[in-house]
Structure formats: C-alpha cells, structure tokens
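Subject: Structure for your files

Hello,

Here is the structure I said I would pass on. My notes on it follow below.

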Amino acid sequence: MLWIDKYKPSSLDSMDYHLELSQNLKNMITSGDFPHLLVYGPSGAGKKTRIIAILKQIYGPNALKLKIDHRTFKHPSSSKSIQITTISSLYHIEINPGEAGSYDRIVIQTIIKEIAQSPPIDNVALGPFKIVILNEVDKLSKDAQHALRRTMEKYAKYCRIILCCDSTAKVIDPIKSRCLGIRIAAPSNEDVAKILNKVASTEKFDLPDKTCQQITTQAKGNLRYALLLLESQRSKPVSANADIPLLDWETYITVIAKEITASQTADQLKAIRLKFYELLGHCIPPELIIKSLTLELLKSLDSNMRYQVIHWAAYYEHRCQIGAKPIFHLEAFTAKIMSIYKKSQD
Ligand SMILES: Nc1ncnc2c1ncn2[C@@H]1O[C@H](COP(=O)(O)OP(=O)(O)OP(=O)(O)O)[C@@H](O)[C@H]1O
C-alpha cells in the first residue's frame, strides 16, 4: 500500500494539522446541524481526507466500507450513453461529474434524485439524510451548476451535498450562497515536515533534516506530493547532500519548455506532441500540463513575453475545459508560444 493511503487519517481526531477546523467540524456535527458544504483549497491540502473523516464522524466506521460501481447513464433525448465510476457506502455516494463531460447535468440530477428516493436512514442523530459528494465541482458546466442548485433545494430534506473543488472562482454564486464554505488551506512547511518525520520514523527510515527540508520546499504545501517524494527515496540510501530529483512528468515538462525555446519548427512541434501523448497517457491532467509548462516557460522569458504566455495559457486552458480532445489544445498552445517566441527573436 502506498504511504499516502497507509498514513491517511480516517477521523477528525487523528488529523495532524488545522486542529481548530477539525474541532469546529466536530462541534457542528454534535450540535445537530449539518448544511450543504463547499470544501475548497489547493490540491493535496487534505480536502478529501477531511470529507471522509466528516462522514465517519456522522455515521461511524461503516461509512468507510466502500464499494466501487460503474454506472451507465442514458441521455433522455439521444441514444448515446456514458459510463461513470461511483464510490459509495450505505450512507453516501461520491462521484466525479466532470467525467461525464456534456452529460454532467443528467448525471447529477439522476444521482441526487436516486439518493433522495432511497429510504432514509433514520437512526442517525442528525436527521434522515444521505450525503452526495461531488468532486471537481468547479469543472461543471454552468447548466449543470444551475441544475444542481435546483436539485439541492428540492431534495434538501433527504440528502446533503458536499462539493469539493480547488477554487470557488468558477462556482456560481447561488451555489456558494447555499453552502457553508470550508477552506482547507495547504499545510505549512512545519506541518509537512512533522508528518514526513512521523512517517519516516514509523517506517524505520532515516530522514536527514536537509532532505526533509528539500522535500517540503519542493512539495509547496502539497502533502500528497511530499509523501510520494518521501516514498520514492525509500529504496535509495538517503544522503543528506543529494538533491531530490523532480518527478518524471515534471522532468518531461522541463524538457518540453526547453524544446519550445530551442527551435520553432514543425518537426519540433511533432516531437513535443509525442511527449504530450505520453503525459496524457500517464493521466497527467491537461490543465496541469498547461500550468506547469507556463511556469517553466516564464523562468526564461522577458516581461513582454511573460504577459503573452500567461494570456495564451489562460485561453487554451479554458479551451481544454470546454473541448473534448486535450491534445489539440496542448498542441495549439505550443504552436502559439513557438510563433510569438520566434517573432520576438526576429
Ligand atoms: N490531516 C492529515 N494528516 C496527515 N496526512 C494527511 C492529512 N490530510 C491529508 N493527508 C495526506 O495527504 C494526502 C492528500 O490528501 P487529500 O487527497 O485529502 O488531498 P486533496 O486536497 O483532496 O487533494 P486533491 O484536490 O488533489 O484531490 C492523503 O492521501 C493523505 O495521505
């Protein structure tokens, strides 16, 4: 089992940081009040870990007995259907509606309706409701978000919604105003270092202070990344002076950024496309590829070019979200940057 799963706390009492937040959540649950929640914060800050801990606090350990299903949804006005993976227990269901693409509205409405129609669990102190967890809610289309707002109002008695996302910027106001916002900030470097040392000592793994500091700095508050880096060092004897290498996909991004500035030809674009295929094939999200590539490019560009790269990164990131084939937009982004870079050199 990976350390990120092995050392994932499963209850609010065993959380290693943001202790005050855990206490507030516990107080809210014991006071018998549980509104819809909007949990947001940067990637790897511990949002899902805390959501699962909330479920355990409400329903007890049975909420952690999970089953995975593959559900097929049919569009009422066309013959096409789409498959979605759901994770559920007796008390909740978790879905990633972003998987449904343009069917997201149908998927959300069907799941919430089903949950609300299944018999309520009345032995729970808080009330007879089940919980629907919707991940990456900021990626939902506006149409789906409006449908969600109507559905969450209609079935509020028998179901509570926990929405999870990195940023609330793309969540519509009517949803924000119907939920209690809970911000999970990234853990501080001290918190990350404390967790790394705890894991290293449990695994009887010698972790020099300098290495711990390097991992913490490289992870930038992403605890999952920090634990994965720590685990990647397990098989090697850790030397205090050795640099922690970048993850493979990050090295790939660095190479792509160098290739874009080195030569701006059709052959180079073709070679970069193969690298994009490789990254997408390893499940690196296209938005993350554009963001990391942009940050890498900014390191070597002047202020005028930087402005343009940021502008086009935002443009193509948006196109990635609304379009279906990320490779087209990644390639178009690269071609655009190559073209403006070449012009700036003439
Ligand atoms: N309070 C905590 N104490 C110790 N480790 C934690 C804590 N919270 C999270 N972790 C570790 O950090 C990892 C990442 O947490 P989690 O998946 O909850 O983050 P997230 O914010 O939901 O990330 P993403 O948005 O990228 O999905 C977990 O797998 C777990 O190992």
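The ligand is surrounded by 20 residues, and the closest are Ser43, Gly46, Lys47, Lys48 and Thr49. Please keep in mind that this is a predicted model. By type, the shell around the ligand divides into nine nonpolar, five polar and six charged residues. Domain 1 (3–183) and domain 2 (189–232) each contribute at least three residues to this shell. Among the helices, H3 and H9 (223–232) each supply at least two of the shell residues.

H9 also has a buried side. Its buried residues are Leu223, Ala226, Leu227, Leu229 and Leu230. Viewed down the axis of H9, these residues fall within an arc of 160°, so they line one face of the helix. In general, an α-helix has 3.6 residues a turn, so residues three or four places apart point the same way. The cover over the buried residues of H9 includes helices H1 (3–6), H7 (189–202) and H8 (209–219).

Now the cores. The largest nonpolar core has 45 residues, of which Val39, Val132, Leu134, Ile162, Leu163 and Cys164 touch the most other members. At least two residues of this core come from each of strands S1 (37–40), S4 (92–95), S5 (130–134) and S6 (159–165), and likewise from each of helices H3 (47–59), H4 (104–117) and H5 (142–154). Beyond its neighbours within four places in sequence, Leu134 is in contact with Ile95, Pro97, Ile108, Ile161, Leu163 and Cys164. Another core, of 20 residues, lies apart from the largest one and includes Ile253, Ile272, Ile290 and Val309.

Regards

Conventions. Residues are numbered from 1 along each chain as its sequence is written. This is a predicted model: local features need pLDDT of at least 70, side-chain atom pairs count only at pLDDT 80 or more; totals for chains, interfaces and linings use all residues. A nonpolar core is a set of buried Ala, Val, Leu, Ile, Met, Phe, Trp, Tyr and Cys residues joined through C-beta atoms within 7 Å. A residue is buried if 20 or more other C-beta atoms lie within 10 Å of its own, exposed if 12 or fewer, and partly exposed in between; C-beta atoms are placed from the backbone. Helices (H or I, at least four residues) and strands (E, at least two) are DSSP runs, numbered from the N terminus. Two residues are in contact if their C-beta atoms, placed from the backbone, lie within 7 Å. A residue is near a molecule or strand if its C-beta atom, placed from the backbone, lies within 6 Å of it. Ala, Val, Leu, Ile, Met, Phe, Trp, Tyr, Cys and Pro count as nonpolar, Asp, Glu, Lys and Arg as charged, and the others, Gly among them, as polar. Domain bounds come from an automatic or database domain assignment. The arc is that of the directions from the helix axis to the C-beta atoms.
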